[in-house]
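This briefing goes through a structure by topic. Please keep the sequence and the 3D view at hand while reading.

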Amino acid sequence: MTEYFKPIPYALWRKDKAAFAEALGTSFRETGFAVIAGHPVDQRTIDDNLRATKAFFAMPDIAKLAYDGKAGGGQRGYTAFATENAKGAAKADLKEFWHTGRHLPPKSPYRETMADTPSVGEIPDFDRATRALFDALDEMGRDLLRAIALHLELDEMWFEDRVEMGNSILRLLHYPPQENPPPEGTVRAGAHEDINVITLLLGAEEAGLEVKHRSGEWLAVNPPPGALVINCGDMLQRLTAGVLPSTTHRVVNPAPERAKFPRYSTPFFLHFNQDVVIEALPQCVAEGGTAQPPITAQDYLMERLREIGLVKA
Ligand SMILES: O=C(O)CCC(=O)C(=O)O
Ligand SMILES: [Fe+2]
């Protein structure tokens, strides 16, 4: 049987760039996903963020709703339980979440489309801990993009100035325990694709994440402790004319013996700068990919947010 999601050691990137790029590219082409072992994000940064996350979601609804991000399409702050739905799905997901966005300099032109993240006064370490994890994953994401660039026969730094002010988002996710069976047909996260360039996901050790292989089979992703899951989003798929697929994935409800446990996971959605034009790479078209018309990252994001119910049409 093919061994999917075999952890790729991050240390290989330091030792042999070509070998790492090849391993990452092969995994992405096959499943749209990869698992990275020995990632460089400091455990303390992860632990502090998780502590802040748990403290936030433990607050009463009324306190959380003071940070409601609805007016801004849920791109910053809090989105309440059962609000977001997967594209085309009738039922909302059994999750609540928080979004931290990029911290922009006061005069940045990107302020027009990228809002500030609200500060959470009730939890003294919240702003610092979430910002620290945002920055660590932003840095690691840029490093991974260098490997992806090599795989795509681009200059290693090709992505660098296209993502440095990207509208990236750190999502703190809370899937509450399911002590009573949830309503028929509802799941923790319905089948969907991510909108962005790449996603770096922490916290998928608690079971539930499944990836739809092109054979139609749902594959469970069970990263070992300390590993990080990464996947291609729609923007990378569009850039590569489908050569690197943005694979459908979901989070299924827990098995009965885990139903009393919550699930906390933390995807970092790495985005392009809003004004980047996403246009199919000729080398990907040449190898059989299907090009779509060029579109700016901002226009594409708005189109997709309408589809998932975060921005009303
Ligand atoms: O919670 C997870 O493991 C995955 C979450 C996810 O796919 C998403 O929020 O886009
Ligand atoms: Fe996702």
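In which loop is Glu153 found? Glu153 sits in the loop between H5 and helix H6 (160-163). The model is a predicted one.

**Backbone angles**

- Most residues other than glycine have a negative phi.
- Glu153 is not a glycine, yet its phi is positive, at about 60°.
- Glu153 has 10 other C-beta atoms within 10 Å, and since 12 or fewer counts as exposed, Glu153 is exposed.
- Ala241, also not a glycine, has a positive phi of about 50°.
- Ala241 is placed in the loop between helix H7 (234-239) and E11.
- Is Ala241 buried or exposed? Ala241 is buried, because 21 other C-beta atoms lie within 10 Å and the cut-off for burial is 20 or more.

**Nonpolar core**

- The largest nonpolar core contains 74 residues, and Leu24, Leu137, Ile198, Leu200 and Met235 have the most contacts inside it.
- Helix H5 (residues 126-151) gives this core its largest share, eleven residues.
- Which residues does Leu137 contact, apart from its neighbours within four places in sequence? The partners of Leu137 are Val41, Leu170, Leu200 and Phe268.

**Packing of H2 on H5**

- The axes of helix H2 (residues 17-31) and H5 are 8 Å apart, and the two helices pack at an angle of about 85°.
- Angles of 65 to 115 degrees count as roughly perpendicular, so H2 and H5 are roughly perpendicular to each other.
- On the H2 side, the contact is made by Lys17, Ala18, Phe20, Ala21, Glu22, Leu24 and Gly25.
- On the H5 side, the contact residues are Ala147, Ile148, Leu150 and His151.
- By type, the residues of this contact between H2 and H5 are seven nonpolar, two polar and two charged.
- Leu24 of H2 takes part in this contact and is also among the residues with the most contacts inside the largest nonpolar core.

**Shell around ligand 1**

- Which residues are around ligand 1? The shell consists of Arg171, Leu173, Ala189, Asp194, Leu201, Ala204, Leu209, His249, Val251, Ser265 and Pro267.
- At least two residues of the shell come from each of strand E5 (169-175), strand E11 (249-251) and strand E12 (263-270).
- Seven residues of the shell are nonpolar, two are polar and two are charged.

**Leu173, a residue of the shell**

- Leu173 is one of the residues around ligand 1 and lies in strand E5.
- Leu173 counts as buried because it has 22 C-beta neighbours inside 10 Å, where 20 or more are needed.
- Beyond four places in sequence, Leu173 is in contact with Lys95, Phe97, Tyr264, Ser265 and Thr266.
- Phe97 is 76 residues from Leu173 along the chain, and their C-alpha atoms are separated by 4.5 Å.

**Phe269 in E12**

- Phe269 belongs to strand E12 and is buried, with 23 other C-beta atoms within 10 Å.
- Setting aside neighbours within four places in sequence, the contacts of Phe269 are Ser168, Ile169, Arg171, Asp194, Asn196 and Thr199.
- Arg171 and Asp194, among these contacts, are also among the residues around ligand 1.
- The C-alpha atoms of Phe269 and Ile198 are separated by 6.4 Å, with the two residues 71 apart along the chain.

**Gly88 in a loop**

- Gly88 is found in the loop between strand E3 (77-79) and strand E4 (96-101).
- With 10 C-beta neighbours inside 10 Å, Gly88 counts as exposed.
- Gly88 and Val120 are 32 residues apart along the chain, and their C-alpha atoms are separated by 33 Å.

Definitions and conventions:
Residues numbered from 1 in each chain as written. Chains lettered and ligands numbered in written order. Predicted model: local features only at pLDDT ≥ 70, side-chain atom pairs only at ≥ 80, totals over all residues. Core = buried A, V, L, I, M, F, W, Y, C linked by C-beta atoms within 7 Å. Helix = DSSP H or I, 4+ residues; strand = E, 2+ residues; numbered from the N terminus. Contact = placed C-beta atoms within 7 Å. Near = placed C-beta within 6 Å. Nonpolar A, V, L, I, M, F, W, Y, C, P; charged D, E, K, R; others polar. Axes fitted to C-alpha atoms, helices over the stretch in contact; angles between N-to-C directions. Parallel < 35°, antiparallel > 145°, perpendicular 65-115°, else oblique.
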